[in-house]
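Please examine the structure shown below.

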Amino acid sequence: MATGVVELLGNGSAFLRVSPPEASDDDVYISAAQVRRCELVSGDRVTGPVRAPRRSERYPSLVRIDTINGASADAVSDGARYEDLPVDYPSERLALGSQDPTLEAIEWLTPLGRGSRAVIVGAAHAGKTETLRRMLDALNGQEDLELTVVLSGARPEEIAQWQEGPVPPVAALSFAASADAQGQAVERAVESAKHVGARGGHAVVLIDSLDGLNPHAARKALAAARNLRDGGSLTVIVTATSPLGGETAV
């Protein structure tokens, strides 16, 4: 039996990282067919029996998937749509635990919970991106959080800085990208995070920023955040030059 965290590959298959986030020789290969059948996303915690590698293979392979994020794989596959799951107001605080003065002020004045939707608001060059980066540093390493970063309409210099950070962006679009392209990148990241939350995991999506999206796409990204009753959560933290409504403004 193997237990680990799923990391999707570009060809549709995946690896089960047994000592996440680092790769190791003990990692287990997951076929693309199993990924599709169980709708696996990066960050899913999976268990299942393993067979030894064949002569032409380097890694052992997962025979089947028994559990996903602690629940039966069959029950997860037959589960309700994310949007139909019952929700509650956020009740568990996201602990930043940082001595950074800005983050200490956020925790004191506008504490965030799992399932919150938050916008870091300010004019250009006010420090929104730096605040979001420090928030990522504070959340990174918490074992039960699946972190995703999306850069939308960023400057090339900012993209380079994020890519050198602890959690590289899953998408990095500069301000030259169209509003539709930026919206699609954000939507893909949020949809993947929804799967994590629906399966009992806790996902956090950080987006810098929503300014280049059309208003409907921006509000849709924020509205995806929720604390699922008796389940997981999806927290969305973004930057913007003005509040969008329905969120905690920082």
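The buried residues of α7 are covered by, among others, β10 (117-121), α6 (179-198) and β15 (233-240); contact here means heavy atoms within 4.5 Å, and buried means under 20% relative accessible area, exposed over 50% and partly exposed in between, with a 1.4 Å probe and protein chains only. Helices (H or I, at least four residues) and strands (E, at least two) are DSSP runs, numbered from the N terminus. This is a predicted model, in which local features need pLDDT of at least 70 and side-chain atom pairs count only at pLDDT 80 or more, while totals for chains, interfaces and linings use all residues. Residues are numbered from 1 along each chain as its sequence is written, and side-chain values use heavy atoms, with hydrogens and water left out.

Which residues of helix α7 are buried? In this helix, residues 215-223, they are Ala-217, Ala-218, Ala-221 and Leu-222. Seen down the axis of α7, these residues fall within an arc of 135 degrees, so they line one face of the helix; the arc is that of the directions from the helix axis to the C-beta atoms. The face turned away from the buried side of α7 carries the exposed residues Pro-215 and His-216.

A nonpolar core is a set of buried Ala, Val, Leu, Ile, Met, Phe, Trp, Tyr and Cys residues joined through side-chain atoms within 4.5 Å. Of the 28 residues in this core, Val-186, Ile-207, Leu-210, Leu-234, Val-236 and Val-238 touch the most other members. The largest share, six residues, comes from α6. Leaving aside neighbours within four places in sequence, Leu-210 is in contact with Ala-218 and Leu-222, as well as with Val-238, Thr-239 and Leu-244. Another core, of 23 residues, lies apart from the largest one and includes Ile-106, Leu-139, Ile-159 and Trp-162.

Ile-159 and Trp-162 are also, together with Glu-158, the buried residues of helix α5 (residues 156-163). These three cover an arc of only 105 degrees around the axis, which puts them on the same side of α5. They pack against α4, β11 (145-154), β12 and β13.

Helix α4 (residues 128-139) packs in turn with helix α3 (residues 101-109), at an angle of about 80 degrees and with the axes 10 Å apart. Axes are lines fitted to C-alpha atoms, for helices over the stretch in contact, and angles run from 0 to 180 degrees between N-to-C directions. The two helices are therefore roughly perpendicular to each other, a term for angles of 65 to 115 degrees. Thr-102, Leu-103 and Ile-106 of α3 meet Thr-131, Arg-134, Met-135 and Ala-138 of α4.

Some backbone features remain. Most residues other than glycine have a negative phi, and most peptide bonds are trans. A cis peptide bond, with omega about 0 degrees, joins Asp-208 and Ser-209, and Ser-209 lies in the loop between β13 and α7. His-125, in the loop between β10 and α4, has a positive phi near 65 degrees and is exposed, with a relative accessible area of 73%. Glu-39 has a positive phi near 50 degrees; this residue lies in the loop between α1 (32-38) and β4 (45-48) and is partly exposed, at 47% relative accessible area.

Note on methods
Parallel < 35°, antiparallel > 145°, perpendicular 65-115°, else oblique.
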